[in-house]
Each structure stands twice: as C-alpha cells, then as structure tokens.
Amino acid sequence: MIDKASDDFLVVDLDGTLIRTDLLHESVLVLIKRNPFYLIALPFWLFQGKAHLKQEIAERVELPIDLLPYNSDLLDYLQEKRRTGVKLMLATASNKRYAEAVAAYLGIFDLVLASDANRNLSGRTKLNAIREMLGKGSFSYVGNSSIDLSIWAESDEAILVDSSRSIIEKVRLHTSVAKIFKSGTNRIQAFLRAIRPHQWLKNLLLFVPLVLSHQLSDLQLVLQAFLGFIAFSLCASSVYLFNDLFDLPSDRQHPTKRSRPFAAGELPLWQGCFCLAILFLLSIFIAFQLSELFVLALITYYVLSLAYSIWLKQAVLVDGLTLAALYTLRLIAGAAVVSVSPSFWLLAFSMFIFLSLAFIKRYSELQLLHARGKAELIGRSYRYIDAETLAQLGTASGYLAVLVLAFYINSNAVLQLYARPEFLWLLCPMMLYWISRMWLLARRNEMHEDPVVFTIKDRRTYWIALIACITLLISIFWPLVSNKFSWFLD
C-alpha cells in the first residue's frame, strides 16, 4: 500500500467514460477479423474467468490507442484539474496492457490500476484496489455505469459521464455529484445513420427485371418484388453494421467516415453485433417466403459482402469487380423473385456500368486523400498515382455499358418486348451524357466520394431518369399512343 492520505486523487474509469467505447469489445473484433477461428477459443478462455479472457486477447491484439474515440470534454476537464494540482488515477477493468498504453499516450495520469491475468478490476474489486493503493486518502470518482455504484458510495464526490437518469439519482443518495457530462447523442438517430437507409435505393434494382419483363400489372409479382426489396435492404443494413464494426481503425483515420456512429463511439459495439444478427435473420425469414433461388441469391450476396468487408476491399481492382458483382446480384435476385431469367444483355450492362461507378468511388476517395496531403487510402491498397488509371478504366467501362445497350437495341430479343424499339436509341446518348458527366465531375473533384449519394441529390440525374422512362413507355405503348394522337401525328 502507498500512503496517499495527504493527496487528493481523481480516479477515472476508462471504458465508456474516458473513451466512448469498450476496449474488450474492440479487441475481440480485431481478434476475430484477424482469424475467425478464435471464435472457438473465446468461450474456453471465458470459462477460466473474465480476467483470463482479457489477458489472452491482449497478448494477441494490439489496439491503435491514438485512434480511440476519447471524450474530449472530459479530457479537457481532467487536464484542467491536473493543472490545479489534483492527482489523476486511471482505474479500469480493461487489461493493464491497454490501460498503460492509454496512460502513456495521454500523459496525464499519476497512477494506473487495471485488470491482469488473475484479477478483473471491476465493481468492488476495483474499489478494493483503489483502497489498497490510496490507503485512507480521499478520492473522487469519474464513471458511467451502475457497476460503479459501490465506488461512488465511498468517494467524496462523483463525476458522471453519459449515465442514465436512474443511475444519477442512485449516486446522489450516496455522495454529492460534482459534474455530469452528457454527449447529447440521440441513439435512435445514430442507429438510423448506422444502417444507412438512403443506401436502400440501390435495392430498387430488384424491380428492374419486373419492369423489363413488362409485368408491372401483376400485383402479386409487384408484392413479391417489394418483399424482396425489404429483405435485401435489411440484409444490406446488416452488412453495413458488420463493415463498420470490423473497419473501425480505418474509419477513424478517414476524414468523413470517422463520424460514423461506431467509429465515433455514439453506439456500443455489442449493440451493433446484436442488431446485425437480427437484421440478417429477418431478411432470411422474408426470403424464405419468396423462393429458394431468391434465398440463394441473398445468401450469396451476404457472404460476398462479408468477404468484401474483411478481405476483398483491400485487393486492388478486385474490390471494384466485387462491388459490380454485388450490384448485379441484386438484378439476379430480382429476376428470381418474379421467376424470370435475367438476360445476357442485362447482366453484361450491369457489370460494366457498376464497375464504372465503383471506380468513381475509389477515384473520388483518392482525390479527397490527395487534397489532405496523403498518398495512400487507409485500409485499401490504392495510391494516388493510381487515380489516372482508375479514371481510364472507369470511363472505358461506362462506355462499354452503353455499347452493350446499343447491341441489345439492335438484337432480335428487343423486338418481342417493344412495339417501336427504334425509340430506345434515345437511351444511348442519355447514358453517354450521364456517365461522361459523372466522370467529368469526379475529375474536377466535384463528386461525392459515394456516387450513390451524389446521384440521390443530383437533379440532372432525375431529369434523365424521367426522360428515359417516358422513352421506354412510348416504345412499349406506341400503337396506343399513335391511335390516341393520330390527329396530331397526321
């Protein structure tokens, strides 16, 4: 025991307090991403005690301490307290390897108490450790959860961080509350941002086979396509959560992605894991109400998406091809749900156009990176020197998509579906304009790093889509149009 009775100590919790995350959860995700087979070992380590589990993980995982989402308001408060002569102690249930690294990085703590291989420093165990260290010395405690109530009960005063109203009232029964820190995060809004409902627009591709097969009048098929849309949207949101959870270090180094809810610590990581499982199970449940081929397409999409999140997005060019394949899988799923066969023309057009958009995404990211004075994408294998190559490949791919469209218009297949297929030729200059403009804006650095987000907000895209729809309707219903307006056409 060190006699600190003459000193005032401010004891600070780490997880959920000094940082807006939990280091155990962070380290588990890094461990699983490195080798998924560790999922088998985790229960055996936990069976030997939580302290043993944390020790085993800490020996295998190194966390980027400088990238953690620190509570900046609390950190400023602690630094001000230190300037007034108050001594600071970091007391945490996290493993001592991480706690000491945090303390060394911040450079404001006089003492560090943390879990080791034999002792999990939580609740009363933490209180006993504080007493062993400080003796009869007085202390104030900074924490966030109900497990800290026993510590607050013996402290001179309490500082609470993002604690619920019930916890605050319980603390006030035992000691005075000196300060309350609130992040002001709206959990519901943060969750909606995490599942990215605006990205569900991509899943409107499931309706394309229904539209192109001219079966919109069949309400049963429309309902099936709508259910397929819901299933794919839930599945996609599950993938987004997975991607955010397993890409935290990269996101925290990105100028815009660092504000994502999990990277910024606005949502607990365990909630993300729980929600991604629920969303996936709901999507599978809906899929089984449709068709076996749709279930197969959905599972293929999910597995390929996970492979992309973990490995494929780090492979040059392979990442773009994978993104194009994921878009094309939506078309295949849409065809499966309405029991039609996707045509060669549709699949070829899809691969080329979406490969072009995937390269726009990477090109725009590289442009943004260059503007920040960096040469390589974090978590990717691209360098700024690759930008020109991506532009050439992406532009060529977009033009090949238009060429496929032209070949389709000139094929015998189009005669069976359209009364006046010659009107479809208008689609080619519209597509040429649209893809050329996208790349022109990308090269001017006026493109959002996500072309889907740009398209949602782009007024010209809506006008082009409207004119294209009118063109399709005229080419399909030309006999009806010509009879209706024969007086004008004559």
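Modeller: Start with the crossing: helix α1 passes helix α3 in a left-handed way. The model is predicted, so keep that in mind throughout. Two packed helices are described by the angle between their axes and the distance between the axes. Here α1 covers residues 23-34 and α3 covers residues 50-58. Their axes are 10 Å apart, and the angle is about 50°. That angle makes α1 oblique to α3.

Now look at the residues that touch. From α1 come L24, S27, V28 and L31. They meet K50, K54 and I57 of α3. By type, this contact holds 4 nonpolar, 1 polar and 2 charged residues.

I57 belongs to the largest nonpolar core, which has 87 residues. I57 is also among the members that touch the most others, together with L18, L78, V102, F109 and F294. Helix α11, residues 219-245, gives this core its largest share, 13 residues.

Take V102 from that group. Set aside its neighbours within four places in sequence. V102 is then in contact with L14, L18, I65, L68, Y70 and L90. One of these, L18, is itself on the list of core members with the most contacts to other members.

Helix α11 also holds S237. At 1% relative accessibility, S237 counts as buried, because the cut-off is under 20%. Leave out residues up to four places away in sequence, and S237 touches I195, W200 and L279.

There is a second, separate core. It has 42 residues, including V402, Y408, L441 and I464.

Helix α18 spans residues 427-443, and helix α20 spans residues 459-476. Their axes come within 10 Å and cross at roughly 165°. Angles over 145 degrees count as roughly antiparallel, so α18 and α20 are roughly antiparallel to each other. This crossing is left-handed too.

I435 is buried, with a relative accessible area of 1%. It touches I353, S356, G398 and Y399, not counting residues up to four places away in sequence. Compare I435 with G394. They are 41 residues apart in sequence, and their C-alpha atoms are 9.6 Å apart in space.

Next, step off the end of α18. The loop between α18 and α19, residues 451-457, contains N445. N445 has a phi near 65°, a positive value in a residue other than glycine. It is partly exposed, with a relative accessible area of 43%.

D162 has a positive phi as well, near 50°, and is not a glycine. Its loop joins β5, residues 157-161, to α8, residues 165-172. D162 is partly exposed, at 32% relative accessible area.

So back to your helix pair: α1 is oblique to α3, while α18 and α20 are roughly antiparallel.

Methods: Residues are numbered from 1 along each chain as its sequence is written. This is a predicted model: local features need pLDDT of at least 70, side-chain atom pairs count only at pLDDT 80 or more; totals for chains, interfaces and linings use all residues. Side-chain values use heavy atoms; hydrogens and water are left out. Axes are lines fitted to C-alpha atoms, for helices over the stretch in contact, and angles run from 0 to 180 degrees between N-to-C directions. Helices (H or I, at least four residues) and strands (E, at least two) are DSSP runs, numbered from the N terminus. Angles under 35 degrees count as roughly parallel, over 145 as roughly antiparallel, 65 to 115 as roughly perpendicular and the rest as oblique. A crossing is left-handed if the near helix is turned anticlockwise from the far one by less than a right angle, and right-handed if clockwise. A nonpolar core is a set of buried Ala, Val, Leu, Ile, Met, Phe, Trp, Tyr and Cys residues joined through side-chain atoms within 4.5 Å. Buried means under 20% relative accessible area, exposed over 50%, partly exposed in between (1.4 Å probe, protein chains only). Contact means heavy atoms within 4.5 Å. Ala, Val, Leu, Ile, Met, Phe, Trp, Tyr, Cys and Pro count as nonpolar, Asp, Glu, Lys and Arg as charged, and the others, Gly among them, as polar.
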